[in-house]
Amino acid sequence: MVIEVVRIGQRVVRDDRVTTHVALVARAFGAKKILMTEVNPDIKDTLEKINNTWGGDFSIEFIDSWKPVIKMKKENGFKIVHLSMYGEEINDIQSDLRKEEKLLIVVGAEKVPREIYEYADYNVGIGSQPHSEISALAILLDRIQQGNQFNKVFSGAKRKIIPTKNGKNVVVKETRD
Ligand code: SAM
């Protein structure tokens, strides 16, 4: 399955940290790419540094606006999954989502335009209480992939954690310049 994430509606400066965390969750939980408007170019550097150290080829694409991107992705066979507390309950819809081949997950910020509910193939609630786009994305990605995202190999990593009961065990790959 190919999973991409699009972040819509983030506010300059105020949402920077949350948007960075949305991107980090997308990467760590198996998505290939995040698309967002360029409100803070530093996010790209942050993610490049993470890829450089911890491996993988997760990418960020800056877009001008979400609507043409969602239309284009739909034409390319992606099913649009909009995370919203008003959507269908994840417990009821997760098995349908697992059958899809390509998903574009739409994550909102402050205010989500009404149209997105119509563009979406699935409006999905992670419970029906307001919480956070970071937690909603993490839970959705986990429910879809059922934990298998953590078996993903992040190739080219300079550091690899060996999970351990006590302390930290990190294998550091030597590099020669
Ligand atoms: N009142 C806002 C609206 O217009 O929907 C909610 C904004 S909320 C802080 C930011 C984003 O978090 C939402 O757009 C949605 O993607 C996600 N989110 C928050 N709670 C959620 C829930 N219970 N289920 C699914 N997504 C949720």
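Biologist: Is K33 buried or exposed?
Modeller: K33 is buried, at 18% relative accessible area. Here buried means under 20% relative accessible area, exposed over 50%, and partly exposed in between (1.4 Å probe, protein chains only). Bear in mind this is a predicted model: local features need pLDDT of at least 70, side-chain atom pairs count only at pLDDT 80 or more, and totals for chains, interfaces and linings use all residues. Residues are numbered from 1 along each chain as its sequence is written, and side-chain values use heavy atoms, with hydrogens and water left out.

Biologist: OK, which residue forms a salt bridge with K33?
Modeller: E61, with the closest N and O atoms 2.6 Å apart. A salt bridge is a side-chain nitrogen of Lys or Arg within 4 Å of a carboxyl oxygen of Asp or Glu. E61 sits in strand β3 (residues 59-63) and K33 in strand β2 (residues 33-37), 28 residues apart. Helices (H or I, at least four residues) and strands (E, at least two) are DSSP runs, numbered from the N terminus.

Biologist: And how accessible is E61?
Modeller: E61 is partly exposed, at 30%.

Biologist: How many salt bridges does the structure hold?
Modeller: Nine. One of them joins K99 and D96 at 3.8 Å, N to O. K99 is exposed, at 66%, while D96 is partly exposed, at 31%.
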